[in-house]
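Here is a short briefing for a first look at this protein. Please keep the sequence and the model in view as you read.

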Amino acid sequence: FRILKKQDSPGAAGFFQCYFKILGFDFFYAVYGTNFCVRGGIKENKEYHCRFDFGDGVSSNHLLEIMAKFSMPDKLKLAQLPTPVQFLKKLSGRASKFSETRIYVKRDDLTHGIAAGNKIRKLEYLFAEAISKKATTVVTCGGLQSNHARATAALARQLGLKCVLLLKKSPDEREVLTGNLLLDRIFDADIRIITTEQYEDIAKMFFSVSEELRANDQIPHVIA
């Protein structure tokens, strides 16, 4: 949690523009006197309003008060957490040529089997939302070898949901059935190859696919 900017504002205790993270989600907010407003957030980019008396500064107690104003979103337990922090002895030794250096790595490659990586942390919340809305199909996007797309396809299969992947292919890129793209096929994802131009207007693509799914009695849930 940190203050990005502070300036005097007539008739108010001051203007603060701050940044903090909740559950991995980024938040920016502005405080005019005692008026608190978050723009963007966990659910549908709504604005969240609270009231605080910040006076001359923002303390950790204020942060706790801010956190209390947000309801915790539902999540599924899909990841194996916490992941270990591993000391890299040999690499630390090489890095210690001039001064002692200790290097550690956070092993988020152990969060899951085939869906391992940091993506599963956010997908626990996004799939919980999809299930709460009784979705039958999740729709997401990425590059041909997207880790996010692979993790989404794997978890959808695990949870009994269908999955549509809108994968961007640039003109000079070869569509080779290896790596994540091969895994996407194994997970029986509905892979739609799209152009760079289509990817730039991905909202339109999401809308089109969602309408198609609804016409076929599916309940889509977009993971943007």
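Ser146 caps the N-terminal end of helix α4, with a side-chain oxygen 3.2 Å from the backbone nitrogen of His148. That is a polar contact (a pair of N or O atoms within 3.5 Å; within protein, one must be able to donate a hydrogen and the other to accept it, and residues adjacent in sequence count only if both atoms are side-chain atoms). The model is predicted: local features need pLDDT of at least 70, side-chain atom pairs count only at pLDDT 80 or more, and totals for chains, interfaces and linings use all residues. Residues are numbered from 1 along each chain as its sequence is written, and side-chain values use heavy atoms, leaving out hydrogens and water.

**Overall build**
- The protein has seven helices and 11 strands. Helices (H or I, at least four residues) and strands (E, at least two) are DSSP runs, numbered from the N terminus.
- Of its 224 residues, 37% count as buried. Buried means under 20% relative accessible area, exposed over 50%, and partly exposed in between (1.4 Å probe, protein chains only).
- Contacts are heavy atoms within 4.5 Å. Among those between residues at least 6 apart in sequence, 56% join residues at least 24 apart.
- The accessible surface comes to about 13,600 Å², and 52% of it belongs to carbon and sulfur atoms. Such areas come from the Shrake-Rupley method with a 1.4 Å probe; for residues, only the protein chains shown count as cover.

**Helix α4 (residues 147-159)**
- The expected span is 1.5 Å times one less than the number of residues.
- Buried residues of α4 include His148, Arg150, Thr152 and Leu155.
- Their cover includes α3 (119-132), β8 (137-143), β9 (162-168), α5 (179-186) and β11 (220-223).
- Just after α4, Gly160 takes a positive phi of about 80 degrees.

**Helix α3**
- α3 has 14 residues and reaches 20 Å from its first C-alpha to its last, close to the 20 Å expected at 1.5 Å a residue.
- Ile120, Leu123, Glu124, Tyr125, Phe127, Ala128 and Ala130 are buried in α3.
- β8, α4 and β11 are among what covers them.

**His112**
- His112 sits in the loop between β7 (104-106) and α3.
- The His112 side chain reaches the backbone nitrogen of Ala115 at 3.1 Å.
- Not counting residues up to four places away in sequence, His112 touches Leu78, Ile120, Leu155 and Gln158. Ile120 is one of the buried residues of α3, and Leu155 is one of those of α4.

**Backbone features in loops**
- The peptide bond from Leu81 to Pro82 is cis, with omega near 0 degrees. Pro82 lies in the loop between α1 (60-68) and β6.
- Lys134, in the loop between α3 and β8, has a positive phi near 60 degrees, though the residue is not glycine. Lys134 counts as exposed, because its relative accessibility is 63%.
- Asp217, in the loop between α7 (202-215) and β11, also has a positive phi, near 65 degrees. Asp217 counts as exposed at 70% relative accessibility.

**Strand β6**
- Val85 lies in strand β6 (residues 85-87).
- Val85 is exposed, with a relative accessible area of 52%.
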